[in-house]
Amino acid sequence: MLRDKYQKEFDDILSRYPVKRSALIPLLYVAQRDQGYVSEAAMQEIAKLLGLTPPQVYETVTFYTMFNLKPVGKFHIQVCKSLMCALVGSDTMIGWIKTKLGIAPGESTTDGLFTLSAVECLAACGTGPMMQINEDYYERVTEDKLDRILSDLRLTGTSALKSGPFMWPEPVNSER
Amino acid sequence: MPQHELILLKNMMQPGYTGSLHDYEKAGGYQAVRTTLGRIAPAEVTAVVRKSGLRGRGGAGFPTGVKWGFLPKDYQGPRYLCCNADESEPGTFKDRQLMERDPHQVLEGIVLACYAIGAESAYIYIRGEMVLGSKILEHAINEARAAGYIGKNILGTGVHVDVWVHRGAGAYICGEETALLESLEGKRGLPRIKPPFPATHGLYNKPTVVNNVETLANLPHIMNRGADWFAAIGSPPKSTGTRVFCVSGHVKRPGNYEVPMGVTVRELVFEHAGGMRSDKPLKAFIPGGASAPFLTPAHLDVKLDFEHVATAGSMLGSGGVTVMEEGTSMVWAALRLMEFFYHESCGKCSPCREGSSWLVQTLRRILAKRGRMQDLETLLDLCKNIAGRTVCAFGDAEVAPIQSTLKHWRQEYVDLIHEADAANLIRPETVVRH
């Protein structure tokens, strides 16, 4: 049961809202973090906990694109394809990934490591082309940078090329 | 380039500034909370903000002080403040920078707004993808709580304000304030029919104010330096203060630039953002995010304030300025934006839900050189039947790319259709016509 495993986090989330249902999306995030997707069992458990019917949980889950109803690869690559990124080469970038990993948007590699999605605007329009991999943003992606990111992920599970606190353009005299 | 005083980006432009509580206090942070809470009456704070002329930075540009004034005066019971950090308008990436680089500036604004409207709870509804931003905010909230700027009995004044971060889960529509409230209540993010407005029936049906991140970040400065100071910046009387414009597209130096409202597009694009990235001239730009109609090089000297952009036939919106160079297909650009709106339509109102699908299909056909001349009338007819016929402003927004590109670059549509005709003369079997 999720509740037993994450009791402190669950209690903390529930304490923030005067109406229980508000805790639904935060709790679904916990469920997704645990299993990589939101399972039916998790939805039923959360429904019971919040005094909702399972369909009430399901209708919320299915509205939001960030919840996966089935397992995705260990690294979920989401490339922004909206106009602002498309102007600076997001379609080309999707092509690179297709070639390098052999998957099209909506597909996963056979080893279960990577899933590719083409998504709508991620609020990084000045630093395109960009992608989000799991929780991290990668911006101003070039083909070389992409190679390094993919190899970093394969080797260490993370990459130093991910974005830090965002600022663009960076200040001229920055120490960063 | 003319030098303007930075207000919102000033701290973060200092070398070594980390956005920590220590750095923020050293830069004069939380001074407004100290001098306002318990010393100036909440109604007086609202009056100052109204006098400053501050207008919402999220897109609609509604005067902030007036919005606060709609809350019922004699209501007993909880009121809420929601900070709209669901920055999702394509072309916009300013709130992300404000939250990740100077989170306490936003938090101080939240405390001031809560004090003014009498709210003891504030929720920051941040878009789900911004995981880093939500962590930075949570860390900043903990710092501020430990220092007594947030929580019970702030600085001994008897004022209580608690702040929580609430992550969305990937839905553009949740930036619409009533959809945001639905989402915060754990439901599908479907906009509510207004009236009643959130001021009387908001979160949990209680009086609620929803303000954008950048709007709130302005409040400490207004309280510190006065309404008259703020009201003199920019393009008074109706567009006061600065805007953080997000420049994207085919420019040399895309990014966030804070300038007084009323600078021209030309200055923003050619001086601040370094001009076009190559020798191709500017062909088109969007002045205020994906929902704002496209403009042309003839509009480069339009002043970027609410009134002038509206007069030019577009809107200042969220401040996302996207620049396109010569050679960009406007039919393609309209389709890209239309695909966004099709994907993000929440599905509540049929004109928007069905119409966006038809618009995408028709545009795709034209771009694939299978269009017909009557498609252009169909597009316009569909647009006319979507705009103004939906619960929220999404319907008006989604027709903007098509209506404006058809207005300024109709010939591009016509040329594609003529190419379709020519192709059909060679391959008459491809399409059954009429």
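Read from the N terminus, the elements of chain A follow the order α-α-α-α-α-β-α-α-β-β-β-α, which amounts to eight helices and four strands. The C-alpha trace of this chain spans about 50 × 45 × 30 Å along its principal axes. All of this describes a predicted model, for which the scores are ipTM 0.96 and pTM 0.96; within chain B the mean pLDDT is 96, and 97% of the residues of that chain reach 70 or more.

Most residues other than glycine have a negative phi, and most peptide bonds are trans. Against that background, Arg140(A) has a phi near 50 degrees, a positive value in a residue other than glycine, and Arg140(A) is found in the loop that runs between β4 (136-138) and α8 of chain A. Further along, in the segment after α8 (143-156) of chain A, comes Pro169(A), which is joined to Trp168(A) by a cis peptide bond with omega at about -5 degrees. Chain B has a cis peptide bond as well, between Lys194(B) and Pro195(B), with omega at about -10 degrees; here the proline, Pro195(B), lies in the loop between α8 and β4 of chain B.

Two packed helices are described by the angle between their axes and the distance between the axes. For α5(B) and α7(B) the angle is about 40 degrees and the axes are 8 Å apart, with α5(B) passing α7(B) in a left-handed crossing. On the side of α5(B) the contact is made by Arg96(B), Met99(B) and Glu100(B), and on the side of α7(B) by Leu132(B), Gly133(B), Ile136(B) and Leu137(B); by class, this contact has four nonpolar, one polar and two charged residues.

A second open sheet of four strands in chain B has the order β8-β7-β10-β9, and its pairing is mixed. Its edge strands are β8 and β9 (282-286) of chain B, each of which pairs on one side only, and the twist from one strand to the next averages 30 degrees. Strands β9(B) and β10(B) run antiparallel and are joined by four bridges, with Phe285(B) standing opposite Val323(B) of β10(B).

Another helix pair in chain B is formed by α15 (residues 374-386) and α17 (residues 400-408), which pack at an angle of about 135 degrees with their axes 10 Å apart, so that α15(B) counts as oblique to α17(B). The crossing of α15(B) past α17(B) is left-handed. In this contact Leu376(B), Leu379(B), Leu380(B) and Cys383(B) of α15(B) meet Ile402(B), Gln403(B) and Leu406(B) of α17(B), which by class gives six nonpolar, one polar and no charged residues.

Finally, the two chains meet: 52 residues of chain B are in contact with 39 residues of chain A. On the side of chain B that touches chain A, at least two residues each are supplied by α5 (94-101), α7, β3, β7 (242-249), β8 (255-260), β10 (320-325) and α13 (330-344) of chain B. The largest share of that side, six residues, comes from α13(B). By class, the side of chain B that touches chain A has 21 nonpolar, 18 polar and 13 charged residues.

Definitions and conventions
Residues are numbered from 1 along each chain as its sequence is written. Chains are lettered from A and ligands numbered from 1 in the order in which they are written. This is a predicted model: local features need pLDDT of at least 70, side-chain atom pairs count only at pLDDT 80 or more; totals for chains, interfaces and linings use all residues. pLDDT is the predictor's confidence in each residue, from 0 to 100. Axes are lines fitted to C-alpha atoms, for helices over the stretch in contact, and angles run from 0 to 180 degrees between N-to-C directions. Angles under 35 degrees count as roughly parallel, over 145 as roughly antiparallel, 65 to 115 as roughly perpendicular and the rest as oblique. A crossing is left-handed if the near helix is turned anticlockwise from the far one by less than a right angle, and right-handed if clockwise. Two residues are in contact if their C-beta atoms, placed from the backbone, lie within 7 Å. Ala, Val, Leu, Ile, Met, Phe, Trp, Tyr, Cys and Pro count as nonpolar, Asp, Glu, Lys and Arg as charged, and the others, Gly among them, as polar. Two strands pair if DSSP finds at least two bridges between them.
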